[in-house]
Amino acid sequence: MAALTATAPARPRKLLASRKTRVGILYALPVVVYLLVLFVYPIFSTLLLSLKNTDGSLTLHWYADALTGVNLSVLFTTLRISAETAVLSLVFGFVLAQAISRLKPLWAGLAMLVVVVPHFVSALVRTYGWIIMLGDKGLVNETLAWAPGAPFQLLYNELGVVIGTTSMMLPYTVLLLYGVMRGVDRRLLAAAASMGAGRVTIFRRVYLPLVGPGLASAGLLSFILSLGYYITPALMGGPNQTMIATLINQQVTKENQWNGAAAQGVILLVLTLAGLLLVKAVSSLGASRKKRNAS
Amino acid sequence: MMELRKTLAGRIALTAVATVILLFLALPIVVILVTSFSNNAFASFPPEAWTLNWYKALFADGSKWPAALSLSALVAALSTVFSLIIGVTAATALTRSELPLRSAVYALVLGPLVIPQIVTALGLFLLFEPAAMLGSPIAIALGHTVLASPIAVLILIATLRGIDERLEDAAASMGAGRLTIARKITFPLAAPGMIAAAIFSFITSFDEFYISQFLSSVDTVTLPVQVYNSLTFEIDPSVTAVSAILIAFAILALGLVALVRWIGSGRQDSLLSVENTVGVASHGGEAV
């Protein structure tokens, strides 16, 4: 009897909950089905293909191929160019975010517009803009015509690729770092100053630890995003700047070598996922540090 | 950081460096816009004389650009429709219902945004190639929707979260049915977000390169693939004009989103204003 009266009021709520659940499942179906069929399944079939021999048996030799000889050096080039891009876009992003965070709202808004608008212009178009600018008779070489050694070779080498990819990644790092910098509690800096800490000490001991995790995630993110980059390295680089995405593209469109391309795709995927896990670890570290500082 | 570089020299140095970085971001775009009117379309800056020839050449006989443009527009329109359907339903499920495995669904939606696009493109190629659908605008649009729909979902989640659910509750308490609420309250308030989602889905598809390249055939080439081809294989100076048009298009789309947001922001305030006036009136004596 007591049990009955206890469950009675819970019933309509449960009914309501189950109705809300049913509606939720119904509305979630399109996106789930769509992405399972056109995103998850294709990636799994890529994984399968990378493990299949021509006769259908399982093999790892596509991975062995992908990790030896020319393919291995392409992988290293990819890692190197991505690292260079990450460092440069982090440094430039830090300086720019720092400058913007000190501007008056109107100017900060305008500067942010200059950061955000290019991000929505096709990367292909921006790459072409760089090709026009960096050529022998381009804007940069014309401006530097007085310098000894001009015109400089700024295209079809690593310098060109890194200039291009850095400009593509910069909007991400600026936006991320701007958010991190706005989140720093300035009272902590003031407190350190009031206790007699010098500028360098404050920067090193208080400010850097606070923005550090944000810096690390921004750097990692631009590294990950550069890994799969194709357009800029293909158009602005030379033969020594072939990146893994270029290789995948070549194998599919020119050589009909799908298994090899699949293995390289899986390697790229694994590197990306490892990077994302690192980002997650770093940001949870940052969150705990913030809590400790605030207490 | 205010405490760190208060010296005038430091401030000037920081401003100068920041200006250079902003130029670094903006110049490639400005250069294309200027060069598209220059009589020498290849890498000479600033131009010596001005011309509209590159724009005229776009529509000359035998030009590949009109076909590429109309294919891209068709594909983008299709994937905008797909993305909106997926976006509206998914955002409703994620904000207005109790969904089991909610975080798994959310992670699935974010997936295409973090996985390298070339991997997604390769997977789609392996899916559509055996089906003999390479070069089909539908296949390309379905592929683009994988990238565009997560963006639509995220925008619409933010939109639905921004709508005060009390408005819907109030309508329900006055006896409005679910459909009436959706039609009269939720839809008008969500419309700006839906337009923004549509615009971003359209741009995403319109500019998409990797999937288009893997799924295109000789006769069906989207605009970005045609731009890429003319930058690598054939020398076609009108690519500068196409690029300038693409830039103008992106700026126009962003302006449109800003405009719609600005119009939309007034709407909910006007609906909620009754409540605010009541609030003011009850404290009227002291407050005014």
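In this predicted model, 70 residues of chain B are in contact with 70 residues of chain A, two residues being in contact if their C-beta atoms, placed from the backbone, lie within 7 Å. On the side of chain B that touches chain A, helix 1 (residues 8–35) of chain B gives the most, with 15 residues; helices here are DSSP runs of H or I with at least four residues, strands are runs of E with at least two, and both are numbered from the N terminus. The residues of that side of chain B divide into 54 nonpolar, 13 polar and 3 charged, where Ala, Val, Leu, Ile, Met, Phe, Trp, Tyr, Cys and Pro count as nonpolar, Asp, Glu, Lys and Arg as charged, and the others, Gly among them, as polar.

Residues are numbered from 1 along each chain as its sequence is written, while chains are lettered from A and ligands numbered from 1 in the order in which they are written. Because the model is predicted, local features need pLDDT of at least 70 and side-chain atom pairs count only at pLDDT 80 or more, whereas totals for chains, interfaces and linings use all residues.

Within helix 1 of chain B lies Leu25(B), which counts as buried because it has 23 C-beta neighbours inside 10 Å; a residue is buried if 20 or more other C-beta atoms lie within 10 Å of its own, exposed if 12 or fewer, and partly exposed in between. Leaving aside neighbours within four places in sequence, Leu25(B) is in contact with Val114(A), Val115(A), Pro118(A), Ser167(A) and Leu170(A).

The largest nonpolar core has 162 residues, and those with the most contacts inside it are Ala90(B), Leu122(B), Ala152(B) and Val153(B); such a core is a set of buried Ala, Val, Leu, Ile, Met, Phe, Trp, Tyr and Cys residues joined through C-beta atoms within 7 Å. Helix 6 (residues 137–162) of chain B gives the most to this core, with 14 residues. Beyond its neighbours within four places in sequence, Val153(B) is in contact with Val31(A), Ile86(B), Gly87(B), Ala90(B), Ala91(B) and Val109(B).

Val109(B) is also one of the buried residues of helix 4 of chain B, together with Val105(B), Leu108(B) and Pro112(B).

UniProt, in an unreviewed entry, places the feature "transmembrane region" at several spans of chain B, including residues 105–128 and 181–203. Residues 105–128 of chain B are 92% helix and 0% strand, with end C-alpha atoms 25 Å apart, and residues 181–203 of chain B are 100% helix and 0% strand, with end C-alpha atoms 31 Å apart.

Note on methods
UniProt positions renumbered as here; feature names shortened; annotations may be inferred.
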